Amino acid sequence: MIIKTKFFAYFRDVFDGRERDVDIGDGRTVRDALDVLCDSPGRRAEIFAGTDLKPHLVIMVNGIHIQSLHGLETELKAGDTLTVFPFLGGG
Amino acid sequence: MSGFPIPGFHGRVLEIDLTTGTILRKPLDPQLALDYLGGRGLGARILYDTIDPACDPLGPENAFVIAASPLIGTNAPTAGRGHMVFKSPLTGVIGTSNSGGTWGAAFKATGFDVLVVKGAASEPVMVDIAPGRVEILPAGHVWGMSTHETNDVLAAASEPGSPVRVLCIGPAGENLVRLAAVANDRNRVYGRCGPGAVWGSKKLKAVRVRGKEKIAVADKEKYQAGLDQALYLMRQVPATKRLLRELGTAGLVELINLISMLPHRNFRDCLHRDEDVERISGETLTKTLLEKAGSCFLCPIGCQRHTKVAGRDGGEQTGEGPEYETMVLMGPVCDIYDMAAVTRANYRCNELGIDTISYGGTVACAMELFELGLLTKEDTGGLDLSFGNGAALEALVPLMAFRRGIGDRLAEGSYRLAASVGRPGLSMTVKKLEIPGYDPRASFTQALGYMTSPTGACHLRGGYAVSLAFFGGTKEIPRFSLLQSPIAIRNMQNTGILQDCLGVCRFTGYAFSSDPWARMVSGVTGRDFSVAKLEEIGNRVATLERLFNIEAGATAGDDSLPPRFADLPVIAEGRERRVSREDQDRMKQDYYRVRGWDGGGKPTAESLRALRIEARKK
């Protein structure tokens, strides 16, 4: 299944770009997609703390925070947009 | 080091009456210090006891109070912010504003905790505070100068010795522009609510400070434990560790767009093309305009943007900014995605002394009125005020500061401008204060924050619900919960009050909330300032500010959003979102209840007793 991914701030360096389509194979969930994206220990360390997400990062599916959905177990459909960015404030 | 009973305070108030030229050194009431702590809280209490809240904000009967905190004078991170409280000439209710830089710490080093200035001089003056000496001096020679020139001239003219710091207004304040600011260190600005106009009405150009007084610390070990905890946490969180330094606050532009909260065209919608948003992003700013990041006093975060931009007519200009709010209000809210134009307008606002948020909001309102034919080229002196016109955005800054042509009408702020053509609903304000760069329809919590902020629509006094939208889009505190928003925003407002009372930066809040501050304040003062006690101070200050506003004439009806936000939906999280009048009323009633206020938003006698808020002295 192919999904769209978008990265912001330092995740653009971590994942070498701003956005791209990613084939997540048989994967179904956000966790599966992140497993595919984190194809090196360095990348994994920026997203996961053990099996949980690191704090201070936000992951959205089609513009909705995954915590408002089903967290890492949120199911994806082909063509969904997965967005990764760090928590950043300002103003 | 003073013998005041509470370490951390000097125990001295400096009260100046510019009408009579009287300079009084008064003792600080220790109970007030314990109950209101410093900064915004102590300032609000002293203002409440000094003026009649119903007074004319531009008359000599208004006053302003600047209060330090027990942490200022220590090495606590970011503890150097001055906080000013006054009756606002823009809103008619309480005005509070603060800034970073070094002036706040330099003021505390003069040996005073609090400065009160009332009355009005007949000729331009400045106040000079130096070791063992306080004077009111003529300031005709700097009247008319920009904030930068004033700062440089007055700093250079000071006697040598410990560093001298200048807090001053520019021409906008002198000309009573209702959104005029007060500035220190050239580009650090007390922006919101029009403090510059209050200074201008008093013919006060500047307050220059110099001193070396230190404060006592009661329990160094306890203070150090809190400090270590704070610094540790700030190193753990990407925002405080590196992101704000790398991207500046404008790093938020793309993210706020992602959650459909980035306002557009005087808040008509939140629709932007991604490539336009990229043109005004923090990343683009870093790549194209940034010379270096900078820090306020004692700040490890370093979000300042020292920038360079090509002039419209050639040459190069240098300055600071833009910050997120400036970028958004002068940018997409005016349908402008030209970062260079926004940056140049930002520089001019800093130099002439204008709040960039209210400036952008007022220009956007004027652009909508122009589009509707309610302002014509005849009114504007030929200036094309179409949405998207960056040249007009720049041209209007001096017109407003010097009240020339159409600038004279814009100098009144967007509410009075829109009301003058019979359409006050087209001013995107709450209590006549322009809404900052987060659309309230994209978060009910943010909407309620704007509605109930004591100063009018402000993300800093009303609560920064953006954090909830990010951290938070949790099931516990969703963005669109009518039920949870009142308690969530009360808690955020109280954290903000604590930070404002301590004179510390809001950005510490991304790393930690109250606990390290509780340890540090307890350590410095030797008194028990538990987290619960700090929470009580938050409730006390919020309720005191409410009393001030009620006596100033505000009602529950003023705790409302402009009609646009109830009538015109935006799309967020895949659905149409608006904040209906019924939803506003429901959240408001719940909020009043959790604050201990009655259905009309008036603090109950029981709450006043529980919070030990005494009646006004004056």
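In the predicted model, strand β7 (residues 125-130) of chain B pairs with strand β12 (residues 204-209) of chain B in the parallel sense, over 5 bridges. Strands pair if DSSP finds at least two bridges between them; strands (E, at least two residues) and helices (H or I, at least four) are DSSP runs, numbered from the N terminus. Within this pair, V125(B) stands opposite L204(B) in β12(B). Residues are numbered from 1 along each chain as its sequence is written, and chains are lettered from A in the order in which they are written. Because the model is predicted, local features need pLDDT of at least 70 and side-chain atom pairs count only at pLDDT 80 or more, while totals for chains, interfaces and linings use all residues.

Both strands belong to an open sheet of 6 strands in chain B, with the order β8-β7-β12-β9-β10-β11 and mixed pairing. β8 (133-138) and β11 (188-190) of chain B each have a single partner strand, so one side of each is left without a neighbour in the sheet. From one strand to the next, the twist averages 20°. Helix α4 (residues 147-156) of chain B lies across β7, β9 (165-168), β10 (182-184) and β12 of chain B, and runs at about 145° to β9(B). Axes are lines fitted to C-alpha atoms, for helices over the stretch in contact, and angles run from 0 to 180 degrees between N-to-C directions.

Contact between the chains involves 30 residues of chain B and 18 residues of chain A, two residues being in contact if their C-beta atoms, placed from the backbone, lie within 7 Å. On the chain B side, α8 (238-247), α9 (252-258), α12 (324-330) and α21 (466-472) each supply at least two residues. α8(B) gives the most, with 5 residues.
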